Amino acid sequence: MTRALLIVDVQLDYFPGGAFPLVEPERAVRAAATVLDHFRTSGEDVVHVFHTATEPDAGFFVPGTPGIAFHPSVEPRAGEQVVEKHEPNSFVGTGLEQVLRDRGVTELVVLGMMTSMCIDSTVRAASELGFTCTVVADACAAPDLTLGDVTVPGESVHTAFLAALDGSFATVVRSADLVRG
């Protein structure tokens with residue numbers, strides 16, 4: 001199996017001072033940087049995905065704003081593939097599947113933001129396309145969510161979405177376990 005790291009939407013708008021800060025994104029980016037370093041050291045493929053809003057009234061990821069930039073801890077290097085997307089699912093309208101197939105990738109290690117939206121959508125799609133998926137739990141982050149008069153804390157949102165993915169669409173691991181072997 002050929003493995004690649006897929007880093008999804010680790011962009012400044014999700015951090016304090018950004019347009020849509022998540023719960024504990026700093027913790028997630030530290031773990032993401034550790035996993036990224038591991039992949040770079042081992043010479044495995046790294047693919048960076050970033051979201052650009054196309055709606056005129058979008059609240060975040062607006063082209064030309066600082067929030068659209070990659071977090072400095074996980075910025076792409078020369079030779080690493082970068083894919084722009086406009087939908088939660090990183091495969092929709094992007095050519096990502098072909099990039100991975102051309103590189104012979106059969107296994108994806110996925111991390112990034114938001115656990116409850118783009119990570120969930122991307123991992124489910126990748127699994128349905130036949131990729132074996134691993135999600136790095138501590139290298140992802142989610143927001144608080146509200147339905148009616150109930151607010152679900154971001155950490156609970158994060159855990160619930162990972163629990164739904166684990167065993168059905170992916171294997172969920174911690175960064176320390178992944179980089180250990």
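Biologist: In this predicted model, is Phe50 buried or exposed?

Modeller: Phe50 is buried, because its relative accessible area is 17% and the cut-off for buried is under 20%. Phe70 also counts as buried, at 15% relative accessibility.

Biologist: How is a pair of aromatic rings described?

Modeller: A pair of aromatic rings is described by the distance of the centres and the angle of the planes. The count here comes to seven aromatic pairs. In one of them, Phe50 and Phe70 are edge-to-face, with 5.6 Å centre to centre and 65 degrees between the planes. Phe50 belongs to strand β2 (residues 45–51) and Phe70 to the loop between β2 and β3 (81–85), so this pair ties together parts that are 20 residues apart in sequence.

Biologist: Which arrangement do the rings of Phe91 and Phe131 have?

Modeller: That pair is stacked, because the planes stand at 25 degrees, with the centres 6.1 Å apart. Phe91 lies in the loop between β3 and α2 (96–102), and Phe131 in the loop between α3 (115–128) and β5 (132–141), so parts that are 40 residues apart in sequence are tied together. Both Phe91 and Phe131 are buried.

Biologist: Which residues form one aromatic cluster?

Modeller: Tyr14, Phe20, Phe60 and Phe61 form that cluster.

Biologist: How do the axes of α3 and helix α4 cross?

Modeller: The axes of α3 and α4 (residues 154–165) come within 10 Å and cross at roughly 10 degrees. The two helices are therefore roughly parallel to each other.

Biologist: Which residues of α3 and α4 meet?

Modeller: Among them are Asp120 and Arg124 in α3, and His158 and Phe161 in α4. The residues of this contact divide into six nonpolar, three polar and two charged.

Methods
Residues are numbered from 1 along each chain as its sequence is written. This is a predicted model: local features need pLDDT of at least 70, side-chain atom pairs count only at pLDDT 80 or more; totals for chains, interfaces and linings use all residues. Side-chain values use heavy atoms; hydrogens and water are left out. Rings of Phe, Tyr and Trp (its six-membered ring) pair if their centres lie within 6.5 Å; planes under 30 degrees apart count as stacked, over 60 as edge-to-face and the rest as tilted. Helices (H or I, at least four residues) and strands (E, at least two) are DSSP runs, numbered from the N terminus. Buried means under 20% relative accessible area, exposed over 50%, partly exposed in between (1.4 Å probe, protein chains only). Axes are lines fitted to C-alpha atoms, for helices over the stretch in contact, and angles run from 0 to 180 degrees between N-to-C directions. Angles under 35 degrees count as roughly parallel, over 145 as roughly antiparallel, 65 to 115 as roughly perpendicular and the rest as oblique. Contact means heavy atoms within 4.5 Å. Ala, Val, Leu, Ile, Met, Phe, Trp, Tyr, Cys and Pro count as nonpolar, Asp, Glu, Lys and Arg as charged, and the others, Gly among them, as polar.
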